[in-house]
Amino acid sequence: MTTSLTLRDFKDLLEDGRAALSREPAVLSLNADRALLIGDLHGDLESLKSSLELMDRYDLLIFLGDVVDRGPHQLEVLVGLLRAKLENLSKVRVIRGNHETAQMNYAYGFYDVVTRRFGAGAYGLVASFFAELPIFATLNGETMVVHGGIPIGVGSVRELSGVRKQGEDIEDGTVLQLLWNDPDESVEDFAPSWRGSGVYVFGRRTAKRFLEASGLRRVVRAHEPQPDGLRYHFNGSVITVFSCRHYGISPAALELGPSSIRRVQL
Ligand SMILES: [Mn+2]
């Protein structure tokens, strides 16, 4: 898939991808009768291919970030997703995960993958492509789609309408939490996260208040591996989807239909 990819091809793809994403706002407002939501891929080429093979059945595919780092086919997944995005600009959407940053790519592998293949200097274009990724999306005015979760001190989704795209790393504390926070059944409101400073877990009461004030039904997010690739928190008001088999899980995507929600095996 990428064996014949030259540095020039890679640069062109990233430039085209960056230009395409630069025309998308930081907060996407999307509508679709049937959408497929795909969680962390982390270099899982099989899950990427399975998702794209399902494209004809859906009006919209949203990839929830964490495309690279850790897994065996990081470059192939990024390139494959980029090509799919460029061929289906409005049907394929990608939002930013906490691994779409230079800092994480230095620490967890993708910087080395790119540098080994294309030499020093090639990674810079990756970082500027990631910087153009939208931060989150709303779907049909009823679902918030985000990599991590609800940030502390934010009453409703309207208060997030002003969030901005970030640079190669995430500077804004609220955006950081959108990309890093997790739900936690043992917490009511918020508690510090094991993931590090500035990151929180949010509880049932936070989810309920946020969704009610926002007029939304649910948050769909990724970020945490689940044995079945899918987990319903707080009576289904928060759903985690995780799509990378290399975590020893059964990878899944989430189908949001006109009146149904279901797990799709990848
Ligand atoms: Mn993540």
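Which residues coordinate the manganese ion? I began my notebook with this question, and I found that D66 (OD), N98 (OD1), H147 (NE2) and H223 (ND1) coordinate the ion at 2.1 to 2.2 Å. I counted as donors N, O and S atoms within 2.8 Å of the metal (3.2 Å for Na, K and Ca), and water is not among the atoms, so sites may look incomplete.

I noted that this is a predicted model, in which local features need pLDDT of at least 70 and side-chain atom pairs count only at pLDDT 80 or more, while totals for chains, interfaces and linings use all residues. Residues are numbered from 1 along each chain as its sequence is written, and side-chain values use heavy atoms, with hydrogens and water left out.

Along the sequence I read the donor spacing as D-x31-N-x48-H-x75-H. D66 lies in the loop between β3 (60–63) and α3 (74–87) and H223 in the loop between β10 (218–221) and β11 (230–233), so the pair ties together parts that are 157 residues apart in sequence. Helices (H or I, at least four residues) and strands (E, at least two) are DSSP runs, numbered from the N terminus. I recorded both D66 and H223 as buried, a term for under 20% relative accessible area, with exposed over 50% and partly exposed in between (1.4 Å probe, protein chains only).

**Backbone.** H223 has a positive phi of about 80° although it is not a glycine, and its relative accessible area is 5%. I also looked up H42, where phi is near 40°, again a positive value in a residue other than glycine; H42 sits in the loop between β2 (35–38) and α2 (45–53) and counts as buried at 1% relative accessibility.

**Sheet.** I traced six strands in an open sheet of mixed pairing, in the order β1-β5-β6-β10-β12-β11, where two strands pair if DSSP finds at least two bridges between them. The edge strands, each pairing on one side only, are β1 (27–30) and β11. β1 pairs with β5 (residues 136–139) in the parallel sense over four bridges, and V27 stands opposite F136 in β5.

**Cavity.** On a 1 Å grid over the protein atoms alone, a cavity is a set of points where a 1.4 Å probe fits but cannot get out, and lining residues have an atom within 4 Å of a point. My search of the whole structure gave one cavity of 30 Å³ or more, and about 100 Å³ of space lies in the largest cavity, a volume being the space filled by probe spheres set on the points, which are joined across faces, edges and corners. The largest share of its lining, four residues, comes from α3.

Key:
1 Å grid on protein atoms, 1.4 Å probe; cavity = no way out; pocket = protein on both sides within 12 Å on 5 of 7 lines; lining within 4 Å.
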